[in-house]
Amino acid sequence: MSRSPSLPERPHRDIDPDLPADERLEALRGHYAELVDVNEQLESQLDQTTDRREDLRERVDRVERENETLKSSSLYIASVEDVVGDGEVVVKQHGNNQEVLTEVSPRIAERVEAGDRVAVNDSFAIQTILETETDARAQAMEITERPEVGYEDIGGIDEQVREVREAVEQPLIEPERFEEVGIDPPSGVLLHGPPGTGKTMLAKAVANQTDATFIKMAGSELVRKFIGEGSRLVRDLFELAREREPAIIFIDEIDAVATTRTESKTSGDAEVQRTMMQLLSEMDGFEARGEIRIIAATNRFDMLDRAILRPGRFDRLIEVPEPDRDGREQILEIHTRGMNIADGVDFAELADETDGYSGAEIESLATEAGMFAIRNERDEVHHEDFVDAFDKIEADDSSDVISSAGYFYQ
Ligand SMILES: Nc1ncnc2c1ncn2[C@@H]1O[C@H](COP(=O)(O)OP(=O)(O)OP(=O)(O)O)[C@@H](O)[C@H]1O
């Protein structure tokens, strides 16, 4: 930024009062002329500064407008196919694969390279260069070589464990049995039920048992991304699974991409729809007896688009309910296995008291009881610690209506 011009020196003249009148008058005239000159200089500087202020104000307005446009308009994702030169590149938009020759703003022209992922606006002008594809993949997917969850860690849902083993594990371990009988195993398994009941655990346990790579993708991640990104991520997900066979793909919160369509046709809706279509087409082109199994989970079964439940898609539904009394007792035992529990702790009574608790809430109860023991300077957890923990959780819950278990699940 240029500096403000320096002020002209203030003229100063001592006029000897003893001078003859005509000489004094002459000196005063001279001084006056100097003052007029300085005044003119100052006025011209003032004009310059006013112009500059106008310029700056216009620039601020422009930047603010640009900023607003950037914030308010949706950007589309594209890949740079080729840098043609002269600030021009060919980009291919994700989602519809449309290829466009477009200009790059001089601000980023030097940094754009073929293969970059970029965000473009409605007129395909590149706005930003995005982080590398691998980062986006890593953010949206969680990959575990062999999760450390076994069936013995899951309590109270034995029937569901059996069903999942039959629908997911067996086709991976003994595909020939399906061939012999001449049937295809279920394409995809949908686990539905309230939050925290062990759906993710079930999927992880199958991956553990079959030595498969566990690839988890959250439905909410798929729809949070830029336009065109969701369907791209779905393709990446299946590609990754093919690279890592045998693999279990676990799509949590599938309702985020597969809720019943409303009448509204906003661009966000269309994007979600595109992501779901990509998912369905990946599933349709799937080798039924292959080494990749798909499990999805939802807490909002009632809102699901029935299109995903057709044969060849998520055609095996398994409900994972809140644990019953015996289930709660089993889960309590599982989560206190590694704890130093005193003899007097009555799990049966605690199971009676915790009606409506999910597995995740029972796990918190056990941890909270341990915290009470530490607070009371004991290394052994007593029954009263569980009771205190229970009271605390109940008090917290009643002050937090939204967190009540199964809030969205009917
Ligand atoms: N049946 C269960 N047996 C043992 N622990 C459980 C059970 N259900 C839940 N838990 C505990 O709660 C935690 C969360 O469970 P999990 O992530 O499997 O639930 P979820 O059904 O997938 O929930 P969400 O729908 O919120 O994703 C688990 O890590 C585990 O510690």
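Predicted model: local features only at pLDDT ≥ 70, side-chain atom pairs only at ≥ 80, totals over all residues.

Colleague: What is the angle at which helix α12 and helix α13 pack, and how far apart are their axes?

Modeller: In general, two packed helices are described by the angle between their axes and by the distance between the axes. Here helix α12, residues 359-375, and helix α13, residues 383-398, pack at about 120 degrees, and their axes are 8 Å apart. Because of that angle, α12 is oblique to α13. The crossing in which α12 passes α13 is right-handed.

Colleague: How would I read the pair α4 and α6 in those terms, and at what angle do their axes cross?

Modeller: The axes of helix α4, residues 158-173, and helix α6, residues 199-210, cross at roughly 40 degrees and come within 10 Å. That angle is why α4 is described as oblique to α6. From α4 the contact is made by Gln160, Val161, Val164, Arg165, Val168, Glu169, Leu172 and Ile173, and from α6 by Leu202, Val206, Gln209 and Thr210. By class, the residues of this contact of α4 with α6 divide into 7 nonpolar, 3 polar and 2 charged.

Colleague: Now the backbone: which peptide bond is cis, and where is its proline placed?

Modeller: As a general idea, most peptide bonds are trans, and most residues other than glycine have a negative phi. In this model the bond from glutamate 245 to proline 246 is cis, with omega near -10 degrees. Proline 246 has its place in the loop between α8 (229-243) and β9 (247-252).

Colleague: And what about phi: what value does it take in phenylalanine 124, and is that residue buried or exposed?

Modeller: Phi of phenylalanine 124 is near 65 degrees, which is a positive value in a residue other than glycine. Phenylalanine 124 lies in the loop between β4 (117-120) and β5 (126-129), and it counts as buried because its relative accessible area is 18%, where the cut-off for buried is under 20%. Glutamate 253 also has a positive phi, near 50 degrees, and is found in the loop between β9 and α9 (267-284). With a relative accessibility of 32%, glutamate 253 counts as partly exposed.

Colleague: Which residues does lysine 92 touch, once those up to four places away in sequence are set aside?

Modeller: Lysine 92, which lies in strand β2 (residues 88-93), touches Ala78, Ser79, Glu81, Asn97, Gln98 and Glu99 when residues up to four places away in sequence are not counted. At 28% relative accessibility, lysine 92 counts as partly exposed. Lysine 92 and phenylalanine 124 are 32 residues apart in sequence, and their C-alpha atoms are 9.9 Å apart in space.

Conventions
Residues numbered from 1 in each chain as written. Heavy atoms only, no water. Helix = DSSP H or I, 4+ residues; strand = E, 2+ residues; numbered from the N terminus. Buried < 20%, exposed > 50% of the residue type's maximum accessible area, 1.4 Å probe, protein only. Contact = heavy atoms within 4.5 Å. Axes fitted to C-alpha atoms, helices over the stretch in contact; angles between N-to-C directions. Parallel < 35°, antiparallel > 145°, perpendicular 65-115°, else oblique. Left-handed = near helix turned anticlockwise from the far one by under 90°. Nonpolar A, V, L, I, M, F, W, Y, C, P; charged D, E, K, R; others polar.
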